[in-house]
Amino acid sequence: MSALPLRIGIAKVSAWAPGLDTEESQQAWCKAPTSLGDGDPPPLKFLPAMMRRRCNRLSRIMLEVAHRCCGEEQLGKVRCVFASRYGALGETVALLESLAKHGPLSPTRFSHSVHNTQAGLFSVAVKNRHPATALAAGRETFAAGFLDAVALLHRCGAPVLFVMGEEPLPARLGKFAEPGESYQALALLLEPPETEATQTVSFGFQLVEGADGDDTEPTSRPWPEAFEFLRWWHSDEPRLALRYPNLDGAERIWSWEREPTPIS
Amino acid sequence: MGMASNLGCAEEQVWPRLISGDQAHFTQRDDLVPEQHILMGEVREELPALPASLARYECRNNRLALLALTQMETAVREAIESFGAERVGVVVGSSTTGIDEGEAAVAAHLRDGKLPPRFDLVQMEFGGLAECIAALTGARGPRYTLSTACSSGAKALGSARSLIELGLCDAVISGGVDSVCQLTSNGFGALQAIAPELTNPMSLHRRGLTLGEGAALFLLTRTPGDIQLLGVGEASDAYHMSAPDPEGRGAERAMRAALCDAGLSPDEIAYVNLHGTGTQHNDAMESKAIQRVFGEAPPPCSSTKPLTGHTLGASGAIELGFCWMMIRRMQALRNEEAPPLLALPPHRFDGERDPELPQLPLVQAGAEARGAICEPVALMSNSFGFGGSNCSLVIGERRA
């Protein structure tokens, strides 16, 4: 049983958003963050054309960052956790529209509308036979996905790839959109703490009673959790805290704290 | 454990139906797929409404979860009292959530240009299921929903156990919930995966699956109980999005990993609950995988999907629930004089084996495993899903 907080090594962080395709542009964004725009998905050159055609917009960005985050040798070896709050909701709504009109359902579109579509596509594309999971947790999806990846790392001691991706809600469900939701993806390669060439980070969860005022209001941050993590990663702030209200008024706090790199 | 399926909820109601292989609990639905009748293993009980404070979560799926939760209310409350609410998490699996509400909402929007007032996205969002269960029980620890198609419920149990091992939770409410909807009925229909009559797994004449719905939720705790989740094994096929590896190598890896995790050899497993969906592909690959893992003398096997239908994201949890009941019943009957009596759910099919498949020892009605069972008893339950997601669970009596 490991003592809290949980310690992991982060070996690599890869991100993608329209217009923020390179390390340089991402680091520049981190210094002056703004809301993220829309744009075309990445070309996904590493996939054969036939597989690429099967990838919808969300699959493209999640597979792109997954591929960037792993070295060639690691691609087939990592265990994976794919997280997305809404996942294939766009696809699903399109299927529901077909149903409402009593039209035929495309079997391929149906089998690609499951929440673990990206996990499945990735495993087929890189011939990865290790376990892969897909999950969601509302606003806390990023933190919950990170947690499941840490649990997996703890369990098997082998590198774990955590991929978070999102696209905005389809127009029909636009009234439920929350600030910061945008088309982007982030991947992290997690290793045991103190592995060479990683940054060791302490990860924690706590509940704080009766916090009042602004802290318990849903965030109005104009960029998503994944990019808030990216911003923190490229900053020199020692700690990142993501806060969410619990229904009973308590505050749920997920935190990441950089440990100083030991001097060798 | 709390459960709801077409076989009922209370153990007293479900057990006789399970063990006699009762196939009388399917409804014919002609409102799901245009111009077609399809059989559905529906939960017939009246579902409890959610409390008014959670009205935005109202949907069939969350009501099924509540129905299962009410059966374990005391255990959950005691866990919260002894461990603290922030140490109790929720990790559940689903492939549908409240999609039926989404179906109605999209249809209304197409027709009238606006969404129905009682529709809320949280009904259709996967995360909504875990949130709702947390809100219903007062659990305040980490909560999330896994969605990996047919392996969702099984994998959720694996993740739940990992959270306890990690030291972040002392108890986790875990399992799977899925409900009837047009999307899965039409989607599997479009894949030509639905059998024209009742599913007929392992038969020469098998033509696909029959759908079902339900929920099974467990309370996993740090303190070992009489029945334990002994092993979890997972693997990906890396083969195809909607067809399994025909050789069943992913399924094999998952089963071997579960046995290894449990520290058991194949001959210590007294029964396997097959994924056994009745499709050409699944039954073929699962038979081959089982033969490779268990060798010359596999344990008695059955698929319970001819009784419940394929409950998709809930199936891993519901079928583990059946294994749980089997062990409980055996424990209740145990005495020093006679060898242990493990009653087994029969494998219902037309009796015509497929000669191309390795011939598994399928349970016949009235069969019991007696005497030769290894004690402490351990059972295995398989769940293999879309995208090549494989999960095998081993459940058994507490080991010293």
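1. The model is predicted: local features need pLDDT of at least 70, side-chain atom pairs count only at pLDDT 80 or more, and totals for chains, interfaces and linings use all residues. Residues are numbered from 1 along each chain as its sequence is written, chains are lettered from A and ligands numbered from 1 in the order written, and side-chain values use heavy atoms, without hydrogens and water.

2. Asn56(A) sits in the loop between helix H2 (49-53) and helix H3 (57-69) of chain A. Helices (H or I, at least four residues) and strands (E, at least two) are DSSP runs, numbered from the N terminus. With a relative accessible area of 16%, Asn56(A) is buried (under 20%; exposed is over 50%, partly exposed in between; 1.4 Å probe, protein chains only).

3. A polar atom of the Asn56(A) side chain lies 3.2 Å from the backbone nitrogen of Leu58(A). Beyond four places in sequence, Asn56(A) is in contact (heavy atoms within 4.5 Å) with Glu91(A), His112(A) and Gln118(A).

4. Strand S1 (residues 6-16) of chain A has eight of its eleven residues buried. S1(A) runs antiparallel to strand S6 (residues 199-208) of chain A, with five bridges joining them; here Leu6(A) stands opposite Phe203(A).

5. S1(A) is also joined by seven bridges to strand S5 (residues 184-191) of chain A, again in an antiparallel arrangement. Within S5(A), Leu189(A) is the bridge partner of Lys12(A).

Methods
Polar contact = N/O pair within 3.5 Å; in protein donor to acceptor, adjacent residues only side chain to side chain. Pairing = 2+ DSSP bridges.
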